[in-house]
Amino acid sequence: MKTREAFGKDRVAVGLAVGTILLLFVFFYALHRNVEGLGREIEDLKRLNSAVLELDARHAVLDGKVTELATLPRRTSAMAMENQVKAMAHAAEDLDRRLDGRQRERLAVIRTLLQEIGEDLNGTK
């Protein structure tokens, strides 16, 4: 009977060993699948991160364009005023040809002031 008991114990030990090996294979297979899934998720996150960086760069470009467009009305009005000052300077030159004496001296002062205003407006653009 001793051989039967020993043989039975050996069967149980072999069964436990086979069961353990099977459990280890299942465990490592599940672990391998999880690691592959994590690898795919990491690649997806890398692609998502690059897309976010690209959108951030586009946002910066668009923000710069919006800022540039916001300054457009100020520049346009400065250009309009500069053109008006140039027209006034041209009219002053025309009057300078027609006037003489004391009026001409006053007109020279006006022309100088108009020139300074024009330079200031040109500097604000």
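Which residues make a nonpolar surface patch of about 480 Å²? In this predicted model, the patch is built from Leu-24, Phe-27, Phe-28, Leu-31 and Val-35. Phe-27 sits in helix α1, and Phe-28 is partly exposed, at 47% relative accessible area. The count of aromatic pairs comes to one. Here the ring centres of Phe-27 and Phe-28 lie 5.5 Å apart with the planes at 65°, so the pair is edge-to-face.

Turning to the inside, the largest nonpolar core has five residues: Val-85, Ala-92, Leu-107, Leu-114 and Leu-121. Leaving aside residues up to four places away in sequence, Leu-107 touches Ala-92, Leu-95, Asp-96 and Leu-99.

Then come the charged side chains, with eight salt bridges in the count. One of them links Lys-46 to Glu-43, with 3.7 Å between the closest N and O atoms. These two are three residues apart in helix α1, so about one helical turn separates them. Lys-46 is exposed at 51%, while Glu-43 is partly exposed at 39%. Asp-44 and Arg-47 form a salt bridge as well, with closest N and O atoms 2.3 Å apart, and they too are three residues apart in α1, about one helical turn. Asp-44 is partly exposed at 43%, and Arg-47 is exposed at 51%.

Arg-104 and Asp-96 also meet in a salt bridge, at 3.0 Å from N to O. Arg-104 is partly exposed at 37%, whereas Asp-96 is buried at 17%. Shared partners also tie Asp-94, Arg-97 and Arg-98 into one salt-bridge network.

Conventions. Residues numbered from 1 in each chain as written. Predicted model: local features only at pLDDT ≥ 70, side-chain atom pairs only at ≥ 80, totals over all residues. Heavy atoms only, no water. Phe/Tyr/Trp six-rings, centres within 6.5 Å; stacked < 30°, edge-to-face > 60°. Buried < 20%, exposed > 50% of the residue type's maximum accessible area, 1.4 Å probe, protein only. Core = buried A, V, L, I, M, F, W, Y, C linked by side-chain atoms within 4.5 Å. Contact = heavy atoms within 4.5 Å. Patch = residues over 30% accessible without salt bridge, like charges linked within 9 Å, V, L, I, M, F, W, Y side chains within 5 Å. Areas by Shrake-Rupley, 256 points an atom, 1.4 Å probe, with all protein chains shown as cover. Salt bridge = Lys/Arg side-chain N within 4 Å of Asp/Glu carboxyl O. Helix = DSSP H or I, 4+ residues; strand = E, 2+ residues; numbered from the N terminus.
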